[in-house]
Amino acid sequence: MQRYAIDKTCPIGRGSFGQVFRAMDRQTIQYVAVKQIVFDPLKDGVPGLGMREISNLKALSHKRVARLIEAEISDEGIIHIVMEYADMNLQWFLGITARNHGGSAMPEPLIQRLSRHLFKGLAHLHANGIIHRDLKPANILIDEKQSLKIADFGLSRIHSVPCLPASFEASTLPYRPPEILLGEVVYSGSYDIWSAGCIVAEIVRAGELLFRGTQPFKSASQLESDSYVLGYAR
């Protein structure tokens, strides 16, 4: 990692099981994002999630997906994942845009543009058999051209046929599908489709969550919020 001057004074994000820092590439004189996952090489060995994230990123190549530049595992027990850098994520962008528009929604052409970018990136993931499992505005990058890129693949996994059981507590609660809230552990790319729909609704609503549970970190509260918005089965 001698190629990169990593600024550790202020992390730019916390991904799944790691911190993300801005760094300067000394060769290209361009900013990059460096995710660091710390582990104990003697006690734990190399984390499977970190290796899965690198493997899944290597399988992807699309302008709507954050690009992997390189990855390295040090003898000291640190996984470095170097990716392209963007000035902000969608969560920050929605907050800034809402303030600039007096709390009202952003222009419709921009809503359409961001939604189109999101689903094009997601289509590429699913075409390569990868489920993201943690889509949310904080994991989506926005560059200076207002182009969207899906990032943070720490919880991603390969979609197998037939579907194999997996964790039902992967994604952040407001973006978790109802069947997962009910404990389903066999799922496919439809998991991401629900999350993406929640994100599009949040874009339309100027950053306001579509499903806001009254008790954070409680699946039952989140399910009640989903039912309140969508209606109850009869």
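I begin with the cut-off I need for reading burial: a residue counts as buried when its relative accessible area is under 20%, as exposed when that area is over 50%, and as partly exposed in between. I also keep in mind that this is a predicted model.

**Entry on Glu 53 and Lys 35.** I looked up Glu 53 and found it at 1% relative accessibility, so it counts as buried. Its salt-bridge partner is Lys 35, and the closest N and O atoms of the two are 3.0 Å apart. Lys 35 lies in strand S4, residues 30-38, and with 5% relative accessibility it counts as buried. Because Lys 35 belongs to strand S4 and Glu 53 to helix H1, the pair ties together parts that are 18 residues apart in sequence. I then noted that Lys 35, Glu 53 and Asp 152 are linked in a network of salt bridges. UniProt, in an unreviewed entry, places the feature "binding site" at Lys 35.

**Entry on other salt bridges.** I noted that the structure holds five salt bridges. One of them joins Arg 3 and Asp 25, whose closest N and O atoms are 2.8 Å apart; this pair links distant parts of the chain, with Arg 3 in the segment before strand S1 (4-7) and Asp 25 in strand S3 (residues 18-25), 22 residues apart. Arg 3, at 28% relative accessibility, counts as partly exposed, whereas Asp 25 is buried with a relative accessible area of 2%. I also looked up Glu 84 and Lys 149, which form a salt bridge with the closest N and O atoms 3.8 Å apart. Glu 84 is in strand S6 and Lys 149 in strand S10, 65 residues apart. Glu 84 counts as buried at 19% relative accessibility, and Lys 149 is buried with a relative accessible area of 14%.

**Entry on the nonpolar core.** I turned to the largest nonpolar core, which has 39 residues; among those touching the most other members are Ile 81, Leu 90, Met 106 and Leu 114. The elements giving two or more residues to this core include H1, strand S6 (78-84), helix H2 (90-100) and helix H5 (190-204). The largest share, six residues, comes from H3. Because domain 1 (7-21 + 31-84) and domain 2 (88-205) both give residues to this core, it lies between them.

**Entry on a surface patch.** I found that Val 46, Met 51 and Ile 73 form a nonpolar patch on the surface, with about 230 Å² of accessible area together. Met 51 lies in helix H1, residues 48-58, and at 38% relative accessibility Met 51 counts as partly exposed.

Note on methods
Residues numbered from 1 in each chain as written. Predicted model: local features only at pLDDT ≥ 70, side-chain atom pairs only at ≥ 80, totals over all residues. Heavy atoms only, no water. UniProt positions renumbered as here; feature names shortened; annotations may be inferred. Helix = DSSP H or I, 4+ residues; strand = E, 2+ residues; numbered from the N terminus. Patch = residues over 30% accessible without salt bridge, like charges linked within 9 Å, V, L, I, M, F, W, Y side chains within 5 Å. Areas by Shrake-Rupley, 256 points an atom, 1.4 Å probe, with all protein chains shown as cover. Salt bridge = Lys/Arg side-chain N within 4 Å of Asp/Glu carboxyl O. Buried < 20%, exposed > 50% of the residue type's maximum accessible area, 1.4 Å probe, protein only. Core = buried A, V, L, I, M, F, W, Y, C linked by side-chain atoms within 4.5 Å. Domains from an automatic or database assignment.
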